[in-house]
Amino acid sequence: MKRYLAVLLGVLTAIGGFVDIGDLVTNAQVGARFGTSLVWVVLVGVVGICVFAEMSGRIAAVSHRATFDLVRERLGPRMGFLNLVGSMLVTLLTFIAEIGGVALALQLVTSVHHLLVVPFVAVAVGIVLWRARFSSIENVLGLMGLALIAFAVALWQLGPDWGELAAGLSPAEKPGAESWATYAFFGVALFGAAMTPYEVFFFSSGGVEERWTEKDIGVMRANVFIGFPLGGVLSVAIAACAATVFLPTGIAVETLGQVGLPVAVGLGKIGLAVVVLGFFAATFGAACETGLSTGYSLAQYFGFPWGKYVRPREAAGFHIILLAATVVAAGVLLTGVDPIMVTEISVLFSAIALPLTYFPILVVANDPDYLGEHVNGPVANALGVVYLVVITVAALAAIPLMIVTSMGQG
Amino acid sequence: MRPAVVAVLVALTLLLTACGVVAEPDAAAWDERAARALSDAGSQVATARLALESADEERTWSAYATVLVAQAEEAAGKAAEDLSRVQVPTARADDAADVLDLLDQAVDLVGEARAHSVDGEYDDQALLDALDRLADELRRAAP
């Protein structure tokens, strides 16, 4: 019974924790401009994140060591450093976007400008990272993130023409006014949002923190293969809500308030309140995850004590990194930069950094010295190689598409 | 002459030539920017309309509606300001006046919507109709 409850809790927190500011904004933007014609990218991204999260979770459970630690040892300091720089910059950018997202969510409730809220959010995130238990962060915020299910309920209440929504799933149904280059740009951004590197690092580092063993592989797989796809369903619901309300009226999504507006139209105040709670939980949870991931990656690479289960005094370096990252994130936001723009850049650069993140995981997952009998099977390897090709194409296309379309504007 | 010296001289010549030439504003590029500004402003006008309507039907609380409309006003103002800074090609002088006028109308009307939202007056049918009309006009003007 206890095991089933653990699986259920893991699946629920995986669903609630799947969506972050990048998913919220990008899915709504894409739904408003392209209807459901890019939903296939979310599906491809969800399968991809499942493939690599399962590999990194298995590595953590069998080797009891974290990803960056093994990457540096297995591929050498040079490749490890490249992996570290690429992933960490994107994670830091995402951390900034998430803190901005929390401030924007609070602005929707209080009408106080987000710039005035940022310092308080940064202090709150800093305190939670320093004091809160790992399981509390994961479970409380993950479960609160389930409030985003309101998007699926709102879609049902909005009563769209389901046949039209289904017919719009084909890329051929791209609105005629949009160019194929813009379509591809948003496809890459959506793919980057779905496969954000920090999710995998947080997941595997969490496994090491919680001392997973080979016996936990089954629970880990249930979390990944049930929780992540259901989280992906929330992403699709966000896009479909935006497609239903915004596409016919020509509204382009540029603010977090607009992301929630279809829920207000469909469900009214209570539904909107639930979804704003979901915004808060999703962004605050992701802020904690990205903040921790920044600390994890640096500490693991340089080999000093890390983790929420280690006393702050013993892992001083790890906690100083967390504090410094929080100060940097707040500082960047206080320059007045638009958090939504930071989010757009972070999902794009996430796509660029994908090969640096996922190639080393595939290599380590094939090494019997670390994984013994749990090395990748033929299916995991086939999927891993196919996805490496896909993420390399997406990474190479990201910058040219960004230039050609002026960040998706034209 | 060493290749490096040649390269520096060529670079300097190109730089001086570039400084000496004032490029004629590109009509096609201006059209593209105008279409983008009109489309952005149309989106903001429609957002303000939907936010007021939702607040009137008690589907949002006042802070939410006010934040939405205030952000729409800011974005519409930015769209108008960005285009007004671009030098108008001679061939587009008349069109530019019309486009900039339409954008100014959008900024003013969304500003009015924001003032109504702050005052909690969501049921001004004349304002809602004006927002509807302007959103349509902006959509038609953006090719």
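Which residues do ring pairs link into a cluster? Keep that in mind as you go through these close-ups of a predicted model.

**View 1. Phe34(A), Trp180(A), Tyr183(A), Phe185(A) and Phe186(A) are linked into a cluster by ring pairs.** Zoom in on Phe34(A) and Phe186(A): their rings make a tilted aromatic pair, with 5.5 Å from centre to centre and 50 degrees between the planes. Phe34(A) belongs to helix H2 (residues 21–34) of chain A and Phe186(A) to helix H9 (residues 180–194) of chain A, so this pair ties together parts that sit 152 residues apart in sequence. Phe34(A) counts as buried, at 1% relative accessibility, and Phe186(A) is buried too, with a relative accessible area of 6%.

**View 2. Over in chain B, Trp61(B) and Tyr64(B) form an edge-to-face aromatic pair.** Here the ring centres are 5.6 Å apart and the planes make an angle of 80 degrees. Both Trp61(B) and Tyr64(B) are buried. Counting over all chains, there are 15 aromatic pairs.

**View 3. Arg131(A) holds its charged end over the ring of Trp130(A).** That charged end is 5.3 Å from the ring centre. Elsewhere, Arg72(A) lies over the face of Tyr301(A), 5.7 Å from the ring centre.

**View 4. The second largest pocket holds about 760 Å³ of space.** Its lining has 28 residues, and the closest to the pocket centre are Gly10(A), Thr13(A), Glu138(A), Glu210(A) and Asn223(A). H1(A) gives the largest share of this lining, ten residues. Helices H1, H6, H10 and H11 of chain A each supply at least two lining residues. By type, the lining splits into twelve nonpolar, nine polar and seven charged residues.

Methods:
Residues numbered from 1 in each chain as written. Chains lettered and ligands numbered in written order. Predicted model: local features only at pLDDT ≥ 70, side-chain atom pairs only at ≥ 80, totals over all residues. Heavy atoms only, no water. 1 Å grid on protein atoms, 1.4 Å probe; cavity = no way out; pocket = protein on both sides within 12 Å on 5 of 7 lines; lining within 4 Å. Points joined across faces, edges and corners; volume = space filled by probe spheres on them. Helix = DSSP H or I, 4+ residues; strand = E, 2+ residues; numbered from the N terminus. Nonpolar A, V, L, I, M, F, W, Y, C, P; charged D, E, K, R; others polar. Phe/Tyr/Trp six-rings, centres within 6.5 Å; stacked < 30°, edge-to-face > 60°. Buried < 20%, exposed > 50% of the residue type's maximum accessible area, 1.4 Å probe, protein only. Lys NZ or Arg CZ within 6 Å of the ring centre and 35° of its normal.
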